[in-house]
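Me: Please take a close look at a single part of this structure and describe it in detail. A connected account that then moves on to the surrounding elements would be welcome.

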Amino acid sequence: MRMARTAVLLDRQAAKRRHRYGINVFEAFVGEVLAHAGIAYEWIDGAEELARSNPDLLIVALAEDDQASADAIWAYAERGGTVISYAGLRALASRMGCYEQWSIPVGYASWPGEERLRFLSATPWEQEEAGAYPAAGEGVIRKERPSGSTAGPALLRFTVGEGAIERWAVNIPQTIVLFQQGTGPVLQDGIPARDGTGAVDEGILKADDRCGMDWEWDRLRTETGAPYFAYPYADLWKERLIGHLLKCARAKGLTVPFLGYWPEGVPAVALISHDSDLNVDESAETTLDVLEECGIRSTWCMIEPGYSPSVYERVKSKGHELAFHYNALEAQQGKWDASEFGRQFDWLKKATGKAEVVSNKNHYTRFEGWGELFAWCEQNGIQADQTRGPSKKGNIGFLFGTCHPYFPIAWFDEANRLYDVLEISFLTQDLDHVHLSDSSVIVPFLEQVARVGGAAHFLFHQIHIHEQPRVTRALRKVVAEARSRGFQFWTSEQINAWERARRKVKVTAIGSDGKVTAEGIDHLNNIVVYIPLSEPDETDRTGAETEIRYGVPCRKVVLNPLRQAPASVTE
């Protein structure tokens, strides 16, 4: 079973030219999607390198729309290569008898018998004259709304010589970015919900002021009438992208190994975080008692002036994480400013006696611009952020389309680099609070997180745990429901450590006996490797049990196995 060589073509000169004119190349985010899945790949800087590199699978993230690049990609396909594009390849449209339609900023893609997926960028092709290259289409895209007019197939597949060109109408990497990080820089208030449940236009700039979801089409209501964003669209698009890649390899009799998101025995992770806000010592003591009763450790985001020193010592002694809670709220004399971020962070380290603090969450989810916050985190040695979450009763849930940790991408002024900060967004805060959503959303949230193997992050303020018994009961309910589904409770620090260590693992070989050889596993246990079974092998000849992952049958291998799954890499 041979491993496919996967490459991503990102023409560096083309990218520089776009950056010079203020155009983002979010297509580069496909590298982050593959890295999170644990799929090995190589970058190709220009189409002229294809004749030398000649990978089995080629993802064209960005190529120049000139004749030389088009000819190089075409020749690669004719030699037997598989080309995958996400709304690109304009220079090849006419060669395949296709006409490129106007780009669609928003719409929905669907497949028979499956749920629809909202997209935030698509450029469909229409084949007018098939000629020698008839296209096979899959799925359908609709403009603006689920019932909107159709604009062609979601995916077109062409046979070219000995190879294939597979072109998605949807710009999947860009769609993922615009869901996860917002549809643009936060410069003004967002558009509120008509039903009054999401008044994001209150005069405070926040993460949820730029959101790719639709208040009407992308929310559901629980049995109590609580509205919530129900669909982790970004994560579901990642699954589409990865599943399609695996199937392209399988069609060539090859395999693309990938990693499980969590250790063996951990289907998904839950995170409880707290924001100290009013800094009442008694609320901290109450919270510590409740957490001990529940048997979990959590992440404590501290805002100036903080608790008494004795509280920090007890928090640390119980194994909880002390984190930063940056305050840029003007009404509380906060300021959105790099130096103020640094000043408050210096206060935190002195107050808690910690030389290093791993995580941050901004007070009131204050957010401006695009990437300033992540740059400030980098400058101060903060490795993980939790700011991207809802601030209103009606926009809880998968507001940013994801529950997966990810490294965010910069704006064009920083050449669309990836920030070295792991974003861990949260789903909701203070359930059953008198002014917030009720706990009927817990089960649907956990079910969707488990479905995509993510991290279910719930925020509970210490002051509300102390003052509102219903909030305390909601916290206990989160713990009970999550545990009944196999979730393990980790801190933000633990998630960060695991994700960073896991990304160093690289599968280098698969022996004829099925043995997996991998690098970067020395300090990790219970790493799960999935080996998609290549056609025509419909069953695994090693006799191991198979699982369906991303729609493909896979053999599961556990590297460095322990009898019991570790709570995290940091333990």
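Predicted model: local features only at pLDDT ≥ 70, side-chain atom pairs only at ≥ 80, totals over all residues.

Reply: Strand β16 (residues 269–275) pairs with β23 in the parallel sense, and five bridges join the two.

Strand β23 spans residues 455–459 and is mostly covered, with five of its five residues buried. Its side chains divide between two directions: A455, H457 and L459 point one way, whereas A456 and F458 point the other way. The residues on both sides are buried.

The loop between β22 and α11 (442–452) holds D430. This residue has a positive phi of about 45°, although it is not a glycine. D430 has a relative accessibility of 1%, under the 20% cut-off, and therefore counts as buried. Another non-glycine residue with a positive phi is Q333, at about 65°. Q333 is placed in the loop between β18 (321–324) and α9 (338–352). With 67% relative accessibility, over the 50% limit, Q333 counts as exposed. A further backbone feature is the cis peptide bond from E304 to P305, whose omega is near 10°. P305 is found in the loop between β17 (299–302) and α8 (309–317).

A separate element is helix α6, made up of the 19 residues 233–251.

Helix α6 lies across β6 and β7, and runs at about 95° to β7. These two strands belong to an open sheet of three strands, in the order β7-β6-β10, with antiparallel pairing. The edge strands, β7 (117–119) and β10 (140–143), each pair on one side only. On average, neighbouring strands of this sheet are turned by 30° against each other, direction ignored. Strand β6 (residues 107–110) is joined to β10 by four bridges, and the two run antiparallel. In β10, V140 stands opposite S110.

Aromatic side chains form the last topic. The count of aromatic pairs comes to 32. In one of them, the ring centres of W74 and Y133 are 5.0 Å apart and the planes lie at 85°, over the 60 degrees required, so the pair is edge-to-face. This pair links distant parts of the chain, 59 residues apart: W74 is in helix α4 (residues 67–78), and Y133 is in the loop between β8 (125–127) and β9 (136–138). W74 counts as buried because its relative accessibility is 5%.

Ring pairs also link F324, Y326, W336, F341, F345, F367, F374, W376 and Y419 into a cluster. The charged end of R388 sits over the ring of F367, at 5.1 Å from its centre. Elsewhere, R116 lies over the face of Y108, at 5.3 Å from the ring centre.

Terms used:
Residues numbered from 1 in each chain as written. Heavy atoms only, no water. Expected span 1.5 Å × (residues − 1). Pairing = 2+ DSSP bridges. Axes fitted to C-alpha atoms, helices over the stretch in contact; angles between N-to-C directions. Contact = heavy atoms within 4.5 Å. Phe/Tyr/Trp six-rings, centres within 6.5 Å; stacked < 30°, edge-to-face > 60°. Buried < 20%, exposed > 50% of the residue type's maximum accessible area, 1.4 Å probe, protein only. Lys NZ or Arg CZ within 6 Å of the ring centre and 35° of its normal.
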